[in-house]
Amino acid sequence: MKQNYELKNYQKFLGSTAYEENYITNELPWHIEFARIFSIMSNQVSIHPGSDWHASNHCFISPYAEKYMIAIYCSIEMPGVSEVAQFLTYIHQFNQRYSSQIIAVKNNPGNVKDYTVFQDILGIQYMFKDNMLDNLVDFTEYFRAIDTLYNRPLLQGTNQKLEDVYVEPNYTIGQNFSEVQCQLHSYVVKWLLEDSCRQLALLGDFGQGKTLFATYLTYLMIKLKFHRIPILIHHSMICL
């Protein structure tokens, strides 16, 4: 350790899971992180982590548009029925009607989609961090541009598209060219599934198919709804 880093613990009420702000990783407490993400997602609601945060019950109670109220329970893991019941009991001490009641969950190992549970007329919306980040930016126009790029004729006067001329590149590991060659696509997909931060560079001379491969892979990842969104950047778009 080069420095004497301090770790701050934000203990949950009744000794439940702690919120941690780690100065080594610069990870924020979940409720502050949620407030920042939600403020980008919503043009109407402005959550103040200081004045709106009820630390003892780990929830935001925030007024907006003069007469509306929103209540948000922040939890690292999926809360149990009793925790949700305590949250509802607590917020109804201040107001009987809320325009939105939200359970904000940080960890989502099962990749659960956001959903709503209805109690009486008003529902409780469950929101997960990974889904919030996925929906933070609208990629519709970008996806449409990639589809156009992939399906347009490669040359004037011909109807041939990328898929008509595409040939899957192969690769070998090491310098022994007698080894069995494998498809480059399978290697790159395997690399994308890694949790590490290992970098990958595809090098080759002019006209060897680097751009075609990148375009093909980008289009395929979008069509198959890969868990990562590929961003295709042509070097001609970069000004040096």
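The following legends describe close-up views of a predicted model.

The model is predicted, so local features need pLDDT of at least 70 and side-chain atom pairs count only at pLDDT 80 or more, whereas totals for chains, interfaces and linings use all residues. Residues are numbered from 1 along each chain as its sequence is written, and side-chain values use heavy atoms, with hydrogens and water left out.

**View 1**
In the edge-to-face pair of W30 and F34, the ring centres are 5.9 Å apart and the planes make an angle of 70°. W30 and F34 are 4 residues apart in helix α1 (residues 30–41), which means that about one helical turn separates them. Helices (H or I, at least four residues) and strands (E, at least two) are DSSP runs, numbered from the N terminus. W30 and F34 are both buried, where buried means under 20% relative accessible area, exposed means over 50%, and partly exposed lies in between (1.4 Å probe, protein chains only). Ring pairs join W30, F34 and F38 in a cluster.

**View 1. The tilted pair W53 and F60.**
The rings of W53 and F60 form a tilted aromatic pair, with 4.8 Å from centre to centre and 55° between the planes. Both W53 and F60 are buried.

**View 2. The largest nonpolar core.**
A nonpolar core is a set of buried Ala, Val, Leu, Ile, Met, Phe, Trp, Tyr and Cys residues joined through side-chain atoms within 4.5 Å. The largest such core has 18 residues, and those with the most contacts inside it are F34, F38, I47, F60, I70, I72 and C74. At least two residues of this core come from each of α1, β4 (59–64), β5 (68–75) and β6 (100–105). Helix α1 supplies the largest share, 5 residues. In soluble globular proteins, nonpolar side chains tend to be buried together.

**View 3. The cysteines C59 and C74.**
A disulfide is defined as a pair of cysteine sulfur atoms within 2.5 Å, and the structure holds 0 disulfides. C59 is in no disulfide, and the nearest cysteine sulfur, that of C74, is 8.3 Å away. C59 is buried at 0% relative accessibility, and C74 is buried with a relative accessible area of 0%.

**View 4. H58 in the loop between β3 and β4.**
H58 is located in the loop that lies between β3 (53–54) and β4. The residue H58 counts as buried, at 4% relative accessibility. Between the C-alpha atoms of H58 and Y73 the separation is 6.0 Å, although H58 and Y73 are 15 residues apart along the chain.

**View 5. The salt bridge between K129 and E33.**
A salt bridge is a side-chain nitrogen of Lys or Arg within 4 Å of a carboxyl oxygen of Asp or Glu. The whole structure contains 5 salt bridges. In the salt bridge of K129 with E33, the closest N and O atoms are 2.6 Å apart. K129 belongs to helix α3 (residues 129–134) and E33 to helix α1, so the pair ties together parts that are 96 residues apart in sequence. K129 is buried, with a relative accessible area of 18%, and E33 is buried as well, at 17%.

E141 and R144 form a salt bridge with an N to O distance of 2.5 Å. These two residues, E141 and R144, both lie in helix α4, 3 residues apart, about one turn of the helix. E141 is exposed, with a relative accessible area of 56%, whereas R144 is partly exposed, at 43%. K223 and D147 also form a salt bridge, with 3.7 Å between the closest N and O atoms. Because K223 lies in helix α7 (residues 210–223) and D147 in helix α4, this pair ties together parts that are 76 residues apart in sequence. D147 is partly exposed, with a relative accessible area of 28%.

Notes: Rings of Phe, Tyr and Trp (its six-membered ring) pair if their centres lie within 6.5 Å; planes under 30 degrees apart count as stacked, over 60 as edge-to-face and the rest as tilted.
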